[in-house]
Amino acid sequence: MEKKTGLKIFSLFKVLWHKKKLFFLVWIITFILSCLWILPQPRYYEAEVSIAPESAESKDYGDLASLASNFGMNLGFGNSDAIYPQLYPDLLHSTRFLVGILDIKVKTKDGEVETDYYDYLNYHQKENVLMLPFSAVKMWMSSVFASDESDPEPAPKDGKRFDPFKLSKHTSEIIESVQSKVTCSYSLTTNVVTLKVTDQDPLVCALLADSIMEHLQAFITDYRTKKARIDYEHYEKLTNDAKANYEEARKRYALYSDANTNVSLKSIELKMQTLENDMQAKYNLYTAMNTRMEAALAKVQERTPAFTELKNATVPIKPAGPKRMIFVAAMLVLATAGTIVKLFWKNLIEWF
């Protein structure tokens, strides 16, 4: 049986040797077609940023949670925040967050383009020249079968260029493009958030990675301090009102006291005592509100999270892809395998 199998393998190699011209032809055609496809593909670069966010876990469970994280587990003790580090990747791909990224200012390495990220994606992206005819046909088809109703960009809202609640079709496509270029991951074992940005220009890539991470930190800080900031603004208003009332009461008391310095009437004394008591009451209210305002301000500082930057963004030197040599080699291997299968299809069925 082994001898028979060996003879079959030998005969297969013999046939392959006789068909070497076919293989050379297949390799040449595959190599040319692979090069024609992969060489015009635009280069892209990758920039990476890593931070360690402040843990929101309770101190009582800190050691236990740290031990559990070594086994890839999250006990969830003390996570009072709705947005904790495990949700950062989901937050990064939310429309509300991505709309803010479109306003980031970017600049290409050659200095020829300096604009916001939306216009950069819209007007300054390179494309494979082989895909230009297909893109032209797609645009023509879209214009032919487009509905009569236009899809204008909604008006800005609250000072923002785009309203995340209502986006045009084109802006939605830009948002999807951003989602494919920006990835975020969180490690349960190390509690590290890693952000990776892919782009055709190395400087734009690094600027985006740094800006998006700052945008994320600002978003989390704004979320975690929102309640404390509202309380602070509330007590600040009450303190200012109480101070104004106290100043007015003190002014009334001083004017009345100066006007009746040498008067010893009982009614004057009672009126002066009433004004003094009113002034003292307003002063007590002012000091109480000021104390609460300072406590609220301290709460804002307490709730402000700390982020430790482990890896900063740097301008990449070498492109991350496309891997042209690997692509061509893979195509040659696939072409060789396909040719072998085509030549010995019946024999392989009988063999196996």
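1. Start with the helix pair: α2 (residues 20-38) and α11 (residues 324-343) pack at an angle of about 145°, their axes 9 Å apart. Axes here are lines fitted to C-alpha atoms, for helices over the stretch in contact, and angles run from 0 to 180 degrees between N-to-C directions. Helices (H or I, at least four residues) and strands (E, at least two) are DSSP runs, numbered from the N terminus. The crossing of α2 over α11 is right-handed, where right-handed means that the near helix is turned clockwise from the far one by less than a right angle, and left-handed anticlockwise.

2. A word on conventions before going on. This is a predicted model, so local features need pLDDT of at least 70 and side-chain atom pairs count only at pLDDT 80 or more, while totals for chains, interfaces and linings use all residues. Residues are numbered from 1 along each chain as its sequence is written, and side-chain values use heavy atoms, with hydrogens and water left out.

3. Who meets whom between those helices? On the α2 side the list includes Phe23, Trp27, Phe31 and Trp37, and on the α11 side Phe327, Met331, Leu332 and Ile340 are among the residues in contact (heavy atoms within 4.5 Å). By class, this contact has 15 nonpolar, four polar and one charged residues. For the classes, Ala, Val, Leu, Ile, Met, Phe, Trp, Tyr, Cys and Pro count as nonpolar, Asp, Glu, Lys and Arg as charged, and the others, Gly among them, as polar.

4. Now the sheet. It is open, has four strands in the order β4-β5-β1-β6, and its pairing is antiparallel; two strands pair if DSSP finds at least two bridges between them. β4 (182-187) and β6 (307-311) are the edge strands, each pairing on one side only. From one strand to the next, the twist averages 25°. Helix α8 (residues 169-181) lies across β4 and β5 and runs at about 45° to β4.

5. β1 (residues 45-53) pairs with β5 (residues 192-199) over seven bridges; Val49 has Leu195 as its bridge partner, and Tyr45 stands opposite Asp199. Towards β6 there are four bridges, again antiparallel, with Pro53 partnered by Phe307.

6. Leu102 sits in the loop between α5 (95-101) and β2 (105-107). Buried or exposed? Leu102 is buried, at a relative accessible area of 0%. Not counting residues up to four places away in sequence, its contacts include Tyr117, Tyr118, Phe162, Ile174 and Val178. Thr171 is also touched by Leu102; the two C-alpha atoms are 9.8 Å apart, although 69 residues separate them along the chain.

7. Asp103 is in that α5-β2 loop too, and counts as partly exposed at 35% relative accessibility. Beyond four places in sequence, Asp103 touches Asp116, Arg161 and Phe162.

8. Finally, confidence. The mean pLDDT (the predictor's confidence in each residue, from 0 to 100) is 81, and 78% of the residues reach 70 or more. Residues 67-72 fall below 50, with seven contacts beyond near neighbours in sequence. Residues 75-79 stay under 50 as well, though the model gives them 14 contacts beyond four places in sequence. Where pLDDT is low, the predicted coordinates should not be read in detail.

Key:
Buried < 20%, exposed > 50% of the residue type's maximum accessible area, 1.4 Å probe, protein only.
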